[in-house]
Amino acid sequence: MSSTPPSPHPEPAAGSEAEAVAPGTEAAPRPVRARRLPLAGVLRPGKPSDIWFKPATSVVVATALPNLTLLALGRLDLVMYTMAGSFCALYTHNLPYAARARVLAGVVAGMTASIAVALVTASLTGSAAVLVAVGALLAAAQKTLCDATRVGPPGHLIFTFISSATLFAPQSLGQVPGHLALTLAGGAVAWLVGMAPALVRPHGPERRATARALHATAAYAEAAHADATRADATGPGTPTGPGTERARAAAAGAVHAAWQSLLATGTRTVQARRSLARLVVRAEEALAVPEAADPETLRSWAAGLRGTGAVPRPRGAHPGEEAELLGVDAELAGPKVPLWRRLAPGSPLLPVALRTAVGCALAGYASLALGIGRPYWALVTAASLYQANVTLTWNRGVQRVVGNLIGVLAFAAIAPFAHLGHAELIVCCLALAFGAEALITRNYWLGSVCVTPMALLVTEFARIQQPGELILDRVVDTLVGAVLGVAAAVLVTNRRAVDQIENAIAATDRAREHAEAGLAGAGAVEPARRRLTAALVELRAAADAAAGEWWQRALPEQRVLAAERAGHRTLAATVRRLHGHGGENGQGTRARAGAADAWEGARA
């Protein structure tokens, strides 16, 4: 159900500027054609999310309460409508509770609006061709809005899964208000379940975000230490290892996410936020000057954030720390971008939205042409594939096919028990929902092994069906949806990917100039530094997304690397300016600055 995040640092693609151009020379403006689509590692399990059990238990509780109520009333045929609201419990588990209350309510409202469109359409027409067209447009709109608002995981997939299924459910206009009321009721339960942990651990999400930042910067510091040791052994000019570059990007992203989490807590939790902010300041310092950081200290602080005990407090405050914390309310994450600007013409989200609409429509119509009675399965398969670029979409297609094929075998094994009665059917669906969330963060195909039989069993709440027929339909629709979904991703080009890199480079340069102006005394250093960190995160995300796209001009990877290195040098300078006159160990500026200069020399 919730999707595995794409690998943030794919290898440089063949034909990119990094491969084709020597340092100091101009890039040849030649177009990039097709790239090799990988198979190695696509199915390899990764580490599970550190909070996988939260969406897993939340969706079980939020689904069980309405389902058992309907079982007692003898109306399990209405499960699809309550489940639409219950599945909202999968969202917002990384958000602080002040922000979670708002965003989760918005998720419930969005789900209800999607169901309303689907139900009204289904009640007005029985034309399968019209229903597929509406389903494809709905999927594209859901994908675009979820990406623009950054709601997820699981992003748009749950919306598309539920709304596409309801599109093909027999419906009349008179039934729509009652079915929407059931969706809202399920959503209300999901909201309460999502907010309930605030009673026990009110600052849990912020503590986890801070711990992730400390762990990520500790890993980067270790990689930097290893590179520095290697440089000592081989001489000046030793290049930074690719693992260090990946660790640096991951640490920058984690630090930025931690600041965003703290900002989202609102103004009523200043003291708790300030205690955590002190630790994020130290993580930020380790990001900027990794050679001066102690990974074990960073990890010990992270370990101290478990549970509900007191937040660890670093010994010896830096001279600039209090000034930095006083400004944390104002500009730490930079200005907010209005939603309408993210969706304006020229937005990088629009090519992916077009891919989604075209791929879902092709899959749905192909399923109709083959005589399959459930074209929405092919439509949902296509919708589930679309990631930031063609390469990641291909990876998701392979994972989806493998997971679904194994999943139908699991359904064949589970069906005899599920068909014993309605209570057994509910138990199977709850167990599969938990298993999906437990596995999907390790790899999408593992979660699909549980999602597939659960989706098949949901169709049986109204009436028991022949397993063989369901299995055949699901296999055919999976293959049709995957093939045509990937084909649409290849054919609908995204030539704006390089433009997005250019915009990100320009934004990074502007943020760096503001930070340097602050260093020169012409502005505040603290918010400028945070904006620079955010710009570096966005630059790396844009470069990674473009690296897996087809049919575009050469990537400016040398300029990306130059902008990143200049940005991180400026970050290091701000740390020396704000915190270099003493630290928790009592050492002064010279040791810290010397380590930073040695590190920059090794990377140059």
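Q: Why is Glu516 called partly exposed?
A: This is a predicted model, so everything here is computed from it. Glu516 has a relative accessible area of 33%. Buried means under 20% and exposed means over 50%, with partly exposed in between, so Glu516 is partly exposed.

Q: How do you know whether Arg512 counts as buried or exposed?
A: Check its relative accessibility, which is 18%. The cut-off for buried is under 20%, so Arg512 counts as buried.

Q: What makes Glu516 and Arg512 a salt bridge?
A: Their side chains meet at 3.4 Å, N to O. The rule asks for a side-chain nitrogen of Lys or Arg within 4 Å of a carboxyl oxygen of Asp or Glu, so the pair passes. They sit four residues apart in helix H21, separated by about one helical turn.

Q: What makes Arg559 and Glu502 a salt bridge?
A: The closest N and O atoms are 2.7 Å apart, and the limit is 4 Å. Arg559 lies in helix H23 and Glu502 in helix H21, so the pair ties together parts that are 57 residues apart in sequence.

Q: Why are Arg559 and Glu502 called partly exposed?
A: Arg559 has a relative accessible area of 40%, and Glu502 has 27%.

Q: Which label, buried or partly exposed, goes to Arg565, and which to Glu245?
A: Arg565, with a relative accessible area of 28%, is partly exposed. Glu245, at 18%, is buried, since buried means under 20%.

Q: How many salt bridges does the rule give?
A: The count comes to 15.

Q: What makes the 61 residues a nonpolar core?
A: They are buried residues of nonpolar types, joined through side-chain atoms within 4.5 Å. Those with the most contacts inside this largest core include Phe87, Met111 and Ile162. Helix H18 gives the most to the core, with nine residues.

Q: Which residues is Ile162 in contact with, leaving aside its neighbours within four places in sequence?
A: Ala84, Phe87, Met111 and Ile115.

Methods. Residues numbered from 1 in each chain as written. Predicted model: local features only at pLDDT ≥ 70, side-chain atom pairs only at ≥ 80, totals over all residues. Heavy atoms only, no water. Buried < 20%, exposed > 50% of the residue type's maximum accessible area, 1.4 Å probe, protein only. Helix = DSSP H or I, 4+ residues; strand = E, 2+ residues; numbered from the N terminus. Contact = heavy atoms within 4.5 Å.
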